[in-house]
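Reader: I am new to this structure. Please take one part and look at it closely, then place it in its wider setting.

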Amino acid sequence: MKGIVFTEFLEMVEKEFGYETIDQILEDNELASGGAYTSVGTYNHAEMIDLLGSLSAISKQEVSALLHAFGRYIFDTFLKGYPQFFEKCAHGFEFLESIDGHIHVEVKKLYPDAMLPRFETTINGTEMAMNYYSDRRFSDFASGLIERTMEYYGHGFSMQKELMNQEGSEVKFTLKVAE
Amino acid sequence: MNEEVERLKRRLEREIKARKQAETTLEVKARDLFNANERLMQLNNELEHQISARTFELEKSEIRYRQLVENASDIIYNISETGEFLYMNAIGIKAFGYAEEEIIGANFLTFVAPESKEQTAKHYAELASELWQNDYYEFSVLSKEGETYWIGQSVTLNTKENGELFFSAIARDISERKKAEAKLEDAQKALEKSEVKYRSIIENMDLGLMEVDLDGIITRVYEKFNEMTGYRGDELVGKIAKDVFTTPGYEDVVDENIEGRKKGEIGVYEIKIRKKNGEHLWVIISGAPFYDEKGNVIGSIGIHYDITERKQMQLDLEKAKREAEEAQEAEQLFLASMSHEIRTPLNVMIGMSHLLEDTPLSGAQSDFLSVMKTASNMLKHLISDILDLSKIDAGKISPTTSSVDLVELCKSLITTFKVKSENHDVEWICELDSSLDHNYLTDAQMLNQVLINLLSNADRFTKKGQVSLKVFVAKKSEHTDLIRWEVLDTGIGIQQQDIAVIFDRYRQANNNISNEYGGTGLGLAISQKLLHLLGGEIVVESQLGIGSSFQFELELERRESTNSNAKNAFATLNEISGHGHKVLVVEDNKMNVKYVGALLEKWNFEFDHAANGKVALELFEPEKYALILMDLQMPEMDGFEATKELRNLPGGTDLPIIALTASTFISKKESALPLGMTDFLCKPFTPDQFSTLLSKYIEVEDQMTTKQAVLEYHISLDGEYLNDAYGGDLEHTVEMMSLFLDVLPDGMKRLEESVAKEDFKGIQQQSHRIKPTFTMVGLTPLSSLTREIGQAAKQNDFSDVERGFRELQRRIEESLPIIREEIIRIAKELKS
C-alpha cells in the first residue's frame, strides 16, 4: 500500500485525536516498518488493517466508519494535490466515471506497483450504478470518497450501498441525483 | 511529562527514520532515473546516428535520382500547383531550344502549341476537380524555332514537406510516333477512299456480284446482280447457284470452275445463264476465291458482266465474216478461172502485133504498133501480177522447196538481164560469195520471181551506171546459212517519205512514175509477200538521184551440192540419150545449125536439116520426126507459115514444133501456142535448156549428170556463157569459133550492103540474123550492139544505124584476133 495512504491516515488521526493516539496505535502493533511512513514509500497493507483495528479500539468507532471518514478526508488532499482532474469534469457522475478509465491509469504510470480497485459505471439519466471490485475490501473508504465527490460538485443526491458478495470485495453503489 | 518526552522522542525517531527511508527511496528513484536517462541518451545517440546514416543514404540516393533524372532520355520536370515550371532536367531544356530561365517560372501552357492549348488546359482543369494520383496525356508543344513536337506526359501529384502540392511529370517526344500514326491514318483514309472509289466503280459498272460458299450455296448477292437476273436477294441466298442459273450445256464449265476455285484458282469464263423470267443471259464470269484470316478458301466471288448484246453482235459478225469469206472465195475462184480466159486472147494480141511488125509498115504504122505492143505487154504484166497477188492473198501459194543452186540461179538471171535490158549504158554485175558452195533448200521459183522483180525495177529506173546483184553468206550456222541478197542500182532513187509506200499494192513512189517508167506497181508488193512466205523481208535504202539498194536475208538449210567443190573446175551437163529418135532442124543460120547439130549428135539423135520452111515441108513425112525445131525468120518461107502448113498435113497436127526465136517476147509456153507452136526455145540457149526441152516432148533416157572440165577463156569473152553452152566440150567450142570466123564475113557483108542502101528493113533482118552468132562465141556485148542497130533501123534512124555499124566493125576487128588466139590455144589443149 502506497505510503501516502499511511501518511494521510496518520495526519487525519493526529488532527482528530492528537499525536498521543498516533503513538498509541503505532506502539500497540508490531509493525514491520516500525511506524515510520513516508509518502514515497510502499508498505504492507496488513499494517493499515492493524492500525485501523487499534484506532477503532481506542476511539470506540467501527472500522467501517473510520474508513468512510478517511475517504472523505483524503478527497481534500487529492483535490489540493491534483486539481486538474477535478477541473476537467462538470458533474460528479462524470468525475466518478473517469476514475477507472483515466485517473487510475495516470496513477499506474507514476506507481506501477500500486494495487488499485477497479470500478464499473453505468449512467442512466439521473441514476448511476458504480461497482467496486477490490481484494482489499475497502469499499467504505470508497464510499467516503464518492460521498465527498458528490458534495464537492454540489449535487443533492442519495447513495445506496449493496454488498455483492460476503467478503465485500465486490460492492455496488447506486447514486441518484435530483432532477 | 516523561511520557510526553518519550512520545516526542519516538516521534522524532519515526520522523528521522521516515526521512532516511524517503531519502533512500528517493536515492533509488534518482539512480533509476539516472539509469533511465542514460539509456534514453544512448537511445538518442543511436537514433541520431541512424538518422544521419539515413540522411546520408537519402542524400546519396537523391543525388543518384537527380543524376538519373538529369541524364534520363525522357523529359522530367516539376510543376507547381498553379502550373509553373519548378524544375526541368537538362534534356528537357535542350529538347525545345528554350533557355532554362525562359522555362523555370513560366506556365506550362506557354509552350503548348496553339492548336493543342485549349484542349490541354481543359484536360488538366477537369483533372484538378477530381481525386487523382496519376495521369497520362498527349499534346503538341512549340519549340523556340516554332516547330511542333508531340509529347506524351505522365503526371503524378505530390505533396511537399510543407504540405504544398506540386506535380512531377515525365514526358517523352512522341512526334515520330504521331507522324507514323498520322501516316497510318492517311494510308487508312486513302485505303478507305479507294475502297469507296472502287466499290462505287464496281457498283456503277454494270457488274453483278455474287458470293458463294464452298458448297456453291449463295451467301450474298449485290443489287446489280439482282437487276441482271430479275431475282430478289432473299430468293437467292441459301440456294445452290448452279441449280438456279446454269443452262444446259454449260454444267461442265461451271463444275470445272467450282473445282478450280477450291484450289485457289482464278477463272474467267463465258456462259449462258437463266434469268428468273426464263430468258437467257450471256455473261462473262470472273471468279476468284476468297479466304479467311488463316488463308483457307472459304468461298468464291463471281463478277458477272452482261455480254448478251455483245454476244449477239459477235454472232452477227461471225455470220458477216463467213459471208464475206464465201464471197472472197468466189471472187478468187472467178479470178483463177478467168486467168486463162483473159490471158489467151491477150497472148494472141501480142503475138499478132509481133507478126505485124515483120510485115512492111509505114513509119507511122510502125510507131502505132510499138505503142500497141507496149500497152499490151503492160496489160499482160498487170493481169499476171494481179492474179499472182490474188493467189498469194488467198493463200493458194506456198513454198515448194527443193535443192537449189543459188550461184546458177543468180548468174543466169544476170545473164538474162544483160541480154534483155534495153539500157546499154548500164553495166550488169553479179557478185557472188565464194562460200556459196552448197545447194540450198528453198523455193527456186519464188526466189527467182522476187529477184526478177527487183532486177526489173533496177533495170527500169536505171538509165546509166550499174545494176549489181550481190549474194553473200552473212552467217554460218550448223545446218543453215544466213544468205543476204542485195540488188543495187545507180538509178533515180526514192525519196525517204516514199519508201514506206512502195510496198503497197498499186502504189508507186509517185503518180508520174508509171507514165515515165511503166510498171504496174504490184511488183514490190508481190515480192514482199513472196519473201514473207520464204521467211524474209525486203529492206530498202535509197537516195534520190544516187540510187537504191534492195536487200533481204533468208536463213536456208544447206544441201550437199552435186557440183560443190568442182564448181570452178567443172561444169555440169545433163546427159540424155535420144537413140532411135529423129529431129528436123529448120534453120538458116549456119552457126545455129552447127551448134544444134553438134548437141544432137552428141546425144545420139538422128536429124535432118532444112534451110527454110519450104525445104522443111518437102522433107516432112508422117511419123518420120519425133520433133521439129523451127526457126521463125527464114528466107523463102518463114517459120510461122511453115508451121501453119505442117499443121494441116497428116501427122503434123500433134507433132511437137518448137520455135527457135531470138525474140524475147515469147517468154512462156502459152505465148507460143497461138502461133501454132508447141513450145519455144530462146536463142541463144544452153545445152541444158535444150536437153530439158527435148526431154519434155521426146521419151529420152536420162543419163547421169556428168561433170566436165571448165575452161578459162580470154577475159573479154563471156566465159560463163561459153562454159554453160559447151560445157567444157573443147572440140565443140573450137568448131563453133571456127564456124563463126567462116560465117561472119558473109553476114557482115550483107549487113553492110543494107546499110549502104539505107534499107532499114534489110538492116533489121540482117542484124537479127547475125546477132546470136556473137553470143555463141562469147562476144555478148557485140550481140547487144547488133540489136541496137536493128532497133535504130526500126526507128528509121539512119545516123544511129551508121554509128552503131561502124562501132560494130571496130569491135569485130578487135575481137577477131582474140577468137583466133582462143582457137589456137584450145586446139593446143585438145592435143595435150
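This is a predicted model: local features need pLDDT of at least 70, side-chain atom pairs count only at pLDDT 80 or more; totals for chains, interfaces and linings use all residues.

Author: Helix α1 (residues 3-17) of chain A and helix α2 (residues 19-28) of chain A have axes that come within 7 Å. Those axes cross at roughly 130°. Angles over 145 degrees would count as roughly antiparallel, and 65 to 115 as roughly perpendicular. The helices α1(A) and α2(A) are therefore oblique to each other.

Now the residues that meet. From α1(A) come A:Leu10, A:Val13, A:Glu14 and A:Phe17. From α2(A) come A:Tyr19, A:Thr21 and A:Ile22. Five residues of this contact are nonpolar, one is polar and one is charged.

Next, the chain around them. Chain A has seven helices and four strands. Along the sequence they follow the pattern α-α-α-α-α-α-β-β-α-β-β. Chain A holds 179 residues, and 26% of them are buried. Take the contacts in chain A between residues at least 6 apart in sequence: 61% join residues at least 24 apart.

The largest nonpolar core has 65 residues. Those touching the most other members include B:Val583, B:Ile628, B:Leu629 and B:Ile658. Helix α17 (residues 590-602) of chain B gives the largest share, six residues. Domain 5 (569-694) and domain 6 (710-832) of chain B both contribute, so the core lies between them. Take B:Leu629: beyond four places in sequence, B:Leu629 touches residues including B:Val585, B:Glu587, B:Val596 and B:Leu660. Apart from this core lies another, of 36 residues, among them B:Val407, B:Cys410, B:Trp428 and B:Leu451.

Notes
Residues are numbered from 1 along each chain as its sequence is written. Chains are lettered from A and ligands numbered from 1 in the order in which they are written. A nonpolar core is a set of buried Ala, Val, Leu, Ile, Met, Phe, Trp, Tyr and Cys residues joined through C-beta atoms within 7 Å. A residue is buried if 20 or more other C-beta atoms lie within 10 Å of its own, exposed if 12 or fewer, and partly exposed in between; C-beta atoms are placed from the backbone. Helices (H or I, at least four residues) and strands (E, at least two) are DSSP runs, numbered from the N terminus. Domain bounds come from an automatic or database domain assignment. Two residues are in contact if their C-beta atoms, placed from the backbone, lie within 7 Å. Axes are lines fitted to C-alpha atoms, for helices over the stretch in contact, and angles run from 0 to 180 degrees between N-to-C directions. Angles under 35 degrees count as roughly parallel, over 145 as roughly antiparallel, 65 to 115 as roughly perpendicular and the rest as oblique. Ala, Val, Leu, Ile, Met, Phe, Trp, Tyr, Cys and Pro count as nonpolar, Asp, Glu, Lys and Arg as charged, and the others, Gly among them, as polar.
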